[in-house]
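Subject: Structure handover

Hello,

Here is the structure for you to take over. My notes on what was found follow below.

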Amino acid sequence: MKILVPVKRVIDKDVKVHVKSDGSGVDTANIKHSMNPFDEIAVEEAVRLRENDAVTEVIAVSVGVVQAQETLRTALAIGADRAILVETAEELEPLAVAKVLKALVDKEQPRLVLIGKQAIDNDANQTGQMLAALADFSQATFASKVQLDGDTATVTREVDSGRETLTVSLPAVVTTDLRLNEPRYVTLPNIMKAKKKPLESVTPFDLGVDISPRVKVLKVTEPPQRSAGITVPDVAALLDKLKNEAKII
Ligand code: AMP
C-alpha cells in the first residue's frame, strides 16, 4: 500500500514575518523557507510506518513554486521513496490544494494520506478535511498515534478534553499533531541519496484541476503593537490590578 504525504514550503518558523509596505501581503523575498513542521512529522510517521510490511511506498507531494523541489528533497532525505511537484506560481487556497491532492489520489491510489493538521503560514487547518470529503475517504484529525492493521487505522487524537482513540477504515486521511513523533535529523549521506530519488513535475493543468482563487485579499496589516508588560510583586498586587485597573474580575 502507498502512503501519500503532502508537504508545504512555508516561511521558516523562526523567521519574523513583515507585511509589505503596500499592504498586499507578507514579504517573502530573500526569506528562509522550510518544510511546514507538521508535514515533517507526517513524513517521519510515513517512513516509520513503512517498516510495516503492508506499506510499500511513501510518496511526498508539494503544490507550489519550483523552489518547493527543495522541500521535496528534504522529504526524500527523511526517507520518502519518490516525490511529485505540482508546479504553479499561483496563490493557493486550501480548497485548490485539496482538489490537486484529490487528482493525485485518483492517480496514485494511496490507502493513506498523512497530512499536516495545519500550515503555519495561513493556519487554515482545512486541506486534510477537504481532501477527505472530496475523495470520500475516512478522516481522523490531530493524530498523536497511528497504527495500521489490515484495512483499518487506529488513531489517537488530541481533543480539548484529552485524548480520543478512533478506528477508521482505509483509505483514510490522517492529519498530524505535534506529539505524534519527533522527526529525525536529516544527515548528509541521506541528503546525497535523496538527490538520486525520482522527483516528477506536473502542473495543475496536467491534472485537470482549476486552482483559481475564490477569495480576494483586500489588505494585509501588521497586528497592533502591544504595550510592554509589567512585573507585579505578588498575587495580591496582581488581583488588585486585574480588579481596579483592568476591571476584568
Ligand atoms: P492548511 O489547511 O492550509 O492549514 O494545510 C494543512 C496541510 O495541508 C499542510 O500541513 C500540508 O500538509 C497540506 N498542504 C497545504 N498546502 C499545501 C501545498 N501547497 N502543498 C502541499 N501540501 C499542502
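A residue is called buried here when its relative accessible area is under 20%, exposed when that area is over 50%, and partly exposed in between. By that rule, 40% of the 249 residues in the chain are buried. Please keep in mind that this is a predicted model.

Overall layout

The chain is made up of six helices and 11 strands. Along the principal axes, its C-alpha atoms fill a box of roughly 65 × 45 × 40 Å.

The ligand site

The ligand has 19 residues around it, and Asp39, Val63, Ala119, Asn125 and Thr127 are the closest. By class, this shell divides into nine nonpolar, eight polar and two charged residues.

- Valine 63 has a polar backbone atom 2.8 Å from a nitrogen atom of the ligand.
- Alanine 119 places a backbone N or O atom 2.7 Å from an oxygen atom of the ligand.
- Threonine 127 uses its side chain: a polar atom there is 2.7 Å from an oxygen atom of the ligand.

On its own the ligand has 480 Å² of accessible area, and the protein covers 99% of that. Strand β4 has the largest share, with three residues.

Glutamate 57 is also part of strand β4. What does its side chain contact? The side chain of glutamate 57 makes a polar contact with the side chain of arginine 82, at 2.8 Å. Glutamate 57 counts as buried because its relative accessibility is 18%, and the cut-off for buried is under 20%.

The second largest pocket

The second largest pocket holds about 360 Å³ of space. It is lined by 19 residues, of which Asp12, His33, Ser34, Met35 and Glu40 are the closest to its centre.

With a relative accessibility of 10%, aspartate 12 counts as buried. A polar atom of the aspartate 12 side chain lies 2.9 Å from the backbone nitrogen of aspartate 14.

The cavity

How many cavities of 30 Å³ or more does the structure hold? There is one. About 60 Å³ of space lies in the largest cavity. Its lining consists of Glu93, Leu95, Ala96, Lys99, Asp210, Ile211, Ser212, Pro213 and Arg214. In terms of class, four of these lining residues are nonpolar, one is polar and four are charged.

Backbone geometry

Most residues other than glycine have a negative phi, and most peptide bonds are trans.

Glutamine 109 is not a glycine, yet has a positive phi of about 55°. It is located in the loop between α3 (94-108) and β6. Is glutamine 109 buried or exposed? Glutamine 109 counts as exposed, because its relative accessibility is 56% and the cut-off for exposed is over 50%.

Aspartate 136 is another residue with a positive phi, about 60°, that is not a glycine. The loop between α4 (127-135) and β7 (138-149) contains aspartate 136. Its relative accessible area is 71%, so aspartate 136 is exposed.

The peptide bond between leucine 170 and proline 171 is cis, with omega at about 5°. Proline 171 belongs to the loop between β9 (162-169) and β10 (172-176).

Regards

Notes. Residues numbered from 1 in each chain as written. Predicted model: local features only at pLDDT ≥ 70, side-chain atom pairs only at ≥ 80, totals over all residues. Heavy atoms only, no water. 1 Å grid on protein atoms, 1.4 Å probe; cavity = no way out; pocket = protein on both sides within 12 Å on 5 of 7 lines; lining within 4 Å. Points joined across faces, edges and corners; volume = space filled by probe spheres on them. Nonpolar A, V, L, I, M, F, W, Y, C, P; charged D, E, K, R; others polar. Near = heavy atom within 4 Å. Polar contact = N/O pair within 3.5 Å; in protein donor to acceptor, adjacent residues only side chain to side chain. Areas by Shrake-Rupley, 256 points an atom, 1.4 Å probe, with all protein chains shown as cover. Helix = DSSP H or I, 4+ residues; strand = E, 2+ residues; numbered from the N terminus. Buried < 20%, exposed > 50% of the residue type's maximum accessible area, 1.4 Å probe, protein only.
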